[in-house]
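Please work through the exercises below with the sequence and the 3D model open beside you. Try each task on your own before you read its solution.

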Amino acid sequence: MWVGGVRVIITNEDKTEILMVRQHHEGRDIWMVPGGGIEDGENSIEAAIREAKEETDLDIDVVGVAWHIEEVSEARGQRFVNYMVAKITGGELKLGSDPELASDKQVLREVRFMNKKEIDSLENIYPKFFNDEIWQVLSDDLNGMTYYKLRYQD
């Protein structure tokens, strides 16, 4: 059975910085874009909007998809993550929290915009290819087009 997640790529207005969050897992800090699991009854866009709000207090609109990544492994099972591209529509940037975790078990440590050079200097980034590939994706003009389509069946 597939387990799904989302990550949300949010840039500043001139697309020179990406919003990154620092999380603490297994004794180390890892930098990544906001995101998390898709909940029952949600699609990827709804999950992206919810996760961005929970982790950053920002309101967003999803404007495209950077990647759909799948993993099939014996250790982790079948998983996929949709990397959504979004623009800020409201809210005020601040470090949020994970509502599924108790206050003493929170993993979010920091949230801030970073440029390519700053992201390159990070010791632990997820996924490892992120900074090598995302800037080309962001330089492409999406013109409101997305390759992500929802299919509803009656």
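This is a predicted model: local features need pLDDT of at least 70, side-chain atom pairs count only at pLDDT 80 or more; totals for chains, interfaces and linings use all residues.

Residues are numbered from 1 along each chain as its sequence is written, and side-chain values use heavy atoms, with hydrogens and water left out.

**Exercise 1.** Work out the order of the strands in the open sheet of three strands, and find its edge strands.

*Solution.* Begin with the terms: strands (E, at least two residues) and helices (H or I, at least four residues) are DSSP runs numbered from the N terminus, and two strands pair if DSSP finds at least two bridges between them. The order is 3-2-7, and the pairing is antiparallel. Strand 3 (28–32) and strand 7 (108–114) are the edges, since each of them pairs on one side only. From one strand to the next, the twist averages 25 degrees, where angles run from 0 to 180 degrees between the N-to-C directions of lines fitted to C-alpha atoms, for helices over the stretch in contact. Next, look at strand 2 (residues 18–25), which pairs with strand 3 over five bridges; in strand 3, arginine 28 is the bridge partner of histidine 25.

**Exercise 2.** Compare the span of helix 1 (residues 44–56) with the expected value, and then inspect its two ends.

*Solution.* The expected span is 1.5 Å times one less than the number of residues. Helix 1 has 13 residues and reaches 18 Å from its first C-alpha to its last, close to the 18 Å expected. At its start, a side-chain oxygen of asparagine 43 comes within 3.0 Å of the backbone nitrogen of isoleucine 45. Just after the helix, aspartate 57 has a positive phi of about 65 degrees.

**Exercise 3.** Which residues touch the most other members of the largest nonpolar core?

*Solution.* A nonpolar core is a set of buried (under 20% relative accessible area, 1.4 Å probe, protein chains only) Ala, Val, Leu, Ile, Met, Phe, Trp, Tyr and Cys residues joined through side-chain atoms within 4.5 Å. The largest one has 18 residues, and Ile9, Ile18, Met20, Phe130 and Ile134 touch the most other members. Its largest share, five residues, comes from helix 3. Phenylalanine 130 touches (heavy atoms within 4.5 Å) Ile9, Ile18, Met20, Val33, Trp67 and Ile125, not counting residues up to four places away in sequence.

Key: A polar contact is a pair of N or O atoms within 3.5 Å; within protein, one must be able to donate a hydrogen and the other to accept it, and residues adjacent in sequence count only if both atoms are side-chain atoms. Buried means under 20% relative accessible area, exposed over 50%, partly exposed in between (1.4 Å probe, protein chains only).
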